[in-house]
Amino acid sequence: VDNCETEWGYMDHLTETNEQNKKEGYSSVVVESNIDLATKVVNVGKTDLLYNPYRSNNELGIAFWAYFEDASKITSARIVLLNDIAGVNGVKWNVTENLTDGWNYIVLGVEAAEFFGTFDVDAINYVQYGVFATEKVTALIDRVRVINYAIEANRAEPAYEGLDRYEVSRI
């Protein structure tokens with residue numbers, strides 16, 4: 001979905017990127033705690049995933065790297081996939097447990113998701129990420145992927161692919 005090489009946007013300003021503390025590629029995105037969710041336009045398009053809210057074998061999942069300077073202050077990390085910028089149709093995950101200081105590889109399946117509106121897995125246009133904490137903390141996000149959660153190999157921590165992988169798409 002996003003390699004986190006460029007800024008994401010808040011309602012009134014852009015995030016920063018961090019080229020020193022990253023998991024892959026050239027940079028990660030800095031997320032300010034306790035404010036609006038940072039948003040990135042992604043236009044994923046057709047995913048080949050099956051999404052049916054009435055079946056138990058949904059395949060939708062999300063995987064990403066999250067960094068917390070002090071995880072003990074984090075009350076929740078939230079990631080959202082949206083079909084529209086108004087936030088009417090989408091799916092969100094809240095992560096509240098097993099967060100540690102430093103980089104965390106987080107993989108979430110559909111069973112942990114909360115759907116709202118009429119979500120279309122083939123029309124993901126925005127991804128949002130936010131961190132909520134007891135006080136201001138530094139948080140980073142890197143390499144966000146929509147995955148087929150039904151395939152176990154997709155949930156494995158990816159090997160570092162180096163900077164060359166991103167050279168073509170870097171502006």
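1. Tyrosine 105 has 19% relative accessibility and therefore counts as buried (buried is under 20% relative accessible area, exposed over 50%, partly exposed in between, with a 1.4 Å probe and protein chains only). The model is predicted: local features need pLDDT of at least 70, side-chain atom pairs count only at pLDDT 80 or more, and totals for chains, interfaces and linings use all residues. Residues are numbered from 1 along each chain as its sequence is written, and side-chain values use heavy atoms, with hydrogens and water left out.

2. The structure holds four aromatic pairs (rings of Phe, Tyr and Trp, the last by its six-membered ring, with centres within 6.5 Å; planes under 30 degrees apart are stacked, over 60 edge-to-face, the rest tilted). One of them joins tryptophan 65 and tyrosine 105, tilted, at 4.9 Å centre to centre and 50° between the planes. Tryptophan 65 is in strand β4 (residues 60-68) and tyrosine 105 in strand β7 (residues 102-109), 40 residues apart. Strands are DSSP E runs of at least two residues, numbered from the N terminus.

3. Tryptophan 65 is buried, at 4% relative accessibility. Lysine 23 lies over the face of tryptophan 65, 4.4 Å from the ring centre (the criterion is NZ of Lys or CZ of Arg within 6 Å of the ring centre and within 35 degrees of the ring normal). Arginine 155 lies over the face of tyrosine 149, at 4.6 Å.

4. For the chain as a whole, 50% of the 171 residues count as buried.

Terms used
Helices (H or I, at least four residues) and strands (E, at least two) are DSSP runs, numbered from the N terminus.
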